[in-house]
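Let's walk through one model together, feature by feature. Have the viewer open and ask as we go.

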Amino acid sequence: MDVILNQLFAGLSMASILLMIALGLAIIYGAMGVINLAHGEFVMLGAYAAWAMQSYAGFSIIAALPFVFIAVAAVGWIIEKVIVQRLYHRPLDTILATWGIGIILQQLVRLSVGAESRFVKGPEILSGNTQIGGLIMSNYRLFVIVFSLSVLAASWALMTKTEFGMKLRAVIQNRKISECYGIEAKNIYSFTFAYGAGLAGIAGALITPLFSTIPTMGTGLVVDAFLVVIVGGLGSLLGAATASVLIGEATALFSMLFNDTLGRIAVLAGIIVLIRFRPRGLFPSNTRR
């Protein structure tokens with residue numbers, strides 16, 4: 001039982017990481033219909049920003065989070081303004097463009113800081129473990145879980161309880177009519193894309209003590225994030241949260257029963273079966289564009 005409980009906690013920790021990465025994807029697709037293949041590189045940029053702030057400015061990861069969010073969001077805003085904004089209603093071109101942007105960002109990082117692995121220390125205040133019976137929980141992973149839930153709550157509040165969220169929902173429903181009422185759809189899209197990129201940057205910063213920071217680190221993470229968004233339902237925050245828990249826990253349990261490779265295969269097989277019977281995911285979005 002202790003082994004199972006520890007695996008469940010490991011799965012929940014994995015789910016919290018997937019949730020933070022997938023939130024940005026879900027928001028960008030739900031609001032704009034853009035499949036952003038450069039999202040993994042936004043995660044990577046956040047990781048390198050955290051490393052740079054710790055290495056050169058002495059910031060802890062927690063203190064660096066606001067600056068990481070602003071920096072990566074600014075990069076996302078520029079990319080949306082310069083490239084993505086010109087490709088709306090051209091989904092294939094958007095996919096190719098964001099894929100190319102991701103490759104460019106990887107190469108820029110390689111040229112500027114090198115391709116070797118970088119390591120970031122976790123905050124001293126969160127070092128050590130908390131033990132309840134036979135369950136041993138890393139304090140830092142507990143913080144990541146709580147933080148991911150707070151980010152989910154903040155994103156939901158932003159989309160449903162603010163003037164920006166009201167304008168965004170109006171643009172999603174009918175862009176032309178909303179523009180007739182004075183809503184600047186282009187600006188709404190730009191800030192939405194920037195917010196999604198900033199969330200990915202925060203996720204990248206938080207996982208630096210858990211993963212090696214390398215230019216290609218976002219590639220594998222964004223694949224799992226896309227699976228979360230597809231299973232949860234494109235554009236659904238509730239779906240992203242539910243799917244991240246299901247995939248994280250299933251991966252942990254199957255890996256315990258078999259091994260990492262067979263566990264991965266079993267999870268992917270389960271996702272294929274689910275998509276066969278629910279092609280729009282667990283919580284499909286009913287919004288119109």
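Q: Which helix gives the most to the lining of the largest pocket?
A: A pocket is an open set of points on a 1 Å grid over the protein atoms alone, where a 1.4 Å probe fits, with protein on both sides within 12 Å along at least five of seven lines; lining residues have an atom within 4 Å of a point. Helices are DSSP runs (H or I, at least four residues), numbered from the N terminus. Here α1 gives the most, with 6 residues. Along with α1 (2-32), the helices α9 (217-232), α10 (237-257) and α11 (260-277) each supply at least two lining residues.

Q: Before we go on, what kind of model is this?
A: It's a predicted model: local features need pLDDT of at least 70, side-chain atom pairs count only at pLDDT 80 or more, and totals for chains, interfaces and linings use all residues. Residues are numbered from 1 along each chain as its sequence is written, and side-chain values use heavy atoms, with hydrogens and water left out.

Q: How many residues line the largest pocket, and which lie nearest its centre?
A: There are 19, and M14, F211, L221, D224 and T251 lie nearest the centre. They divide into 9 nonpolar, 6 polar and 4 charged.

Q: How is a pair of aromatic rings described?
A: You give the distance of the centres and the angle of the planes. Rings of Phe, Tyr and Trp (its six-membered ring) pair if their centres lie within 6.5 Å; planes under 30 degrees apart are stacked, over 60 edge-to-face, the rest tilted. This structure holds 7 such pairs. One of them is Y48 with W51, edge-to-face at 6.2 Å centre to centre and 85° between the planes. Since they're 3 residues apart in helix α2 (residues 39-57), about one helical turn separates them.
W51 also pairs edge-to-face with Y56, at 5.8 Å and 80°. Together, Y48, W51 and Y56 form one aromatic cluster.

Q: Is W51 buried or exposed?
A: Buried means under 20% relative accessible area, exposed over 50%, partly exposed in between (1.4 Å probe, protein chains only). W51 counts as buried because its relative accessibility is 9%, and Y48 is buried too. Y56, at 66%, counts as exposed.

Technical notes: Nonpolar A, V, L, I, M, F, W, Y, C, P; charged D, E, K, R; others polar.
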